[in-house]
Every structure is written in C-alpha cells, then in structure tokens.
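Good morning, and thank you for coming. I shall present one structure today, and I ask you to keep it in view while I speak.

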Amino acid sequence: RISRGWVYVLAPTPELWALSLPHRTQIIYELDAATIVFHLNLKPGSWVVESGTGSGALSTAIMRVVAPSGFLHTFEFNEMRARAAG
C-alpha cells in the first residue's frame with residue numbers, strides 16, 4: 001500500500017552538514033561557533049590561524065565569516081585527520 005504525504009527536502013547548509021558528520025572529534029555546533037566568532041570579533045577580511053582541523057565544522061563557520069577576502073590557516077597534527085580534511 002502506498003500512502004500519500006509530504007516530503008521536505010532541505011538545502012544542504014553548513015549547519016546540516018555539521019550534524020551529519022561522523023564524530024571523530026568533538027563537533028562545535030552552530031550556536032557555539034557563533035559565540036566563538038563573535039568573541040574573536042571576526043569579520044570579512046580577517047586572518048585566522050586555527051590549531052586542529054577536527055571535523056571542519058568550526059573551520060566552515062570561520063570561512064563563512066572571513067570570506068571573501070580573509071584567510072583561514074589551519075594546522076592538524078593527526079596525519080589521518082589531515083588527509084580526511086584535505
């Protein structure tokens with residue numbers, strides 16, 4: 001039997017992407033990332049150096065703020081995580 005109903009298709013956003021990531025590191029969710037970006041006073045054109053790429057959720061939030069003329073330099077010690085991020 002086929003039932004009829006509604007299906008909602010959501011556009012992929014960085015927030016939805018962060019929720020679907022495998023949790024190999026602690027995920028920084030959008031509310032926490034917004035607080036970090038606010039306290040760092042980041043804006044377009046800012047240069048940021050990040051230690052530990054991790055899942056990339058915070059990196060994505062930072063890049064959305066500093067774009068289009070800013071830079072994010074991230075350093076990952078763990079070789080496996082660095083390969084996964086690259």
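Let us begin with I62, which touches L42, V48 and L72 when residues up to four places away in sequence are not counted; contact here means heavy atoms within 4.5 Å. Before I continue, please note that this is a predicted model, in which local features need pLDDT of at least 70 and side-chain atom pairs count only at pLDDT 80 or more, while totals for chains, interfaces and linings use all residues. Residues are numbered from 1 along each chain as its sequence is written, and side-chain values use heavy atoms, with hydrogens and water left out.

Buried, in turn, means under 20% relative accessible area, exposed means over 50%, and partly exposed lies in between, with a 1.4 Å probe and protein chains only. The helices (H or I, at least four residues) and strands (E, at least two) are DSSP runs, numbered from the N terminus. As general background, in soluble globular proteins nonpolar side chains tend to be buried together.

I turn now to the strands. Strand β1 pairs with strand β2, residues 71–75, in the parallel sense over five bridges; two strands pair if DSSP finds at least two bridges between them.

How does the chain pass from β1 to β2? The path leads through helix α3, residues 57–66, and this β-α-β crossover is right-handed. That term applies if, with the strands pointing away from the viewer, the path from the first strand over the helix to the second runs clockwise. Within α3 we find S59, which counts as buried at 9% relative accessibility. Leaving aside neighbours within four places in sequence, S59 is in contact with E50, T53 and L72.

The aromatic rings come next. Rings of Phe, Tyr and Trp (its six-membered ring) pair if their centres lie within 6.5 Å; planes under 30 degrees apart count as stacked, over 60 as edge-to-face and the rest as tilted. By this rule the count comes to one aromatic pair. The rings of W47 and F71 have centres 4.6 Å apart and planes at 65°, so this pair is edge-to-face. It links distant parts of the chain, with W47 in strand β1 and F71 in strand β2, 24 residues apart. W47 is exposed, at a relative accessible area of 61%, while F71 is partly exposed at 39%.

The loops also deserve attention. S46, in the loop between α2 and β1, is buried with a relative accessible area of 13%. Its side chain reaches the backbone oxygen of K43 at 2.9 Å. Leaving aside neighbours within four places in sequence, S46 is in contact with N41, V66, G70 and F71. N41 lies in the loop between α2 and β1 and is exposed at 54% relative accessibility. Although N41 is not a glycine, N41 has a positive phi of about 55°. In the loop between α3 and β2 sits P68, and the peptide bond from A67 to P68 is cis, with omega near 5°.

Finally, I draw your attention to E15, in helix α1, residues 14–20. E15 counts as partly exposed at 28% relative accessibility. Not counting residues up to four places away in sequence, E15 touches E30 and R64. E15 and Y29 are 14 residues apart in sequence and 7.4 Å apart in space, C-alpha to C-alpha.

Note on methods. Polar contact = N/O pair within 3.5 Å; in protein donor to acceptor, adjacent residues only side chain to side chain.
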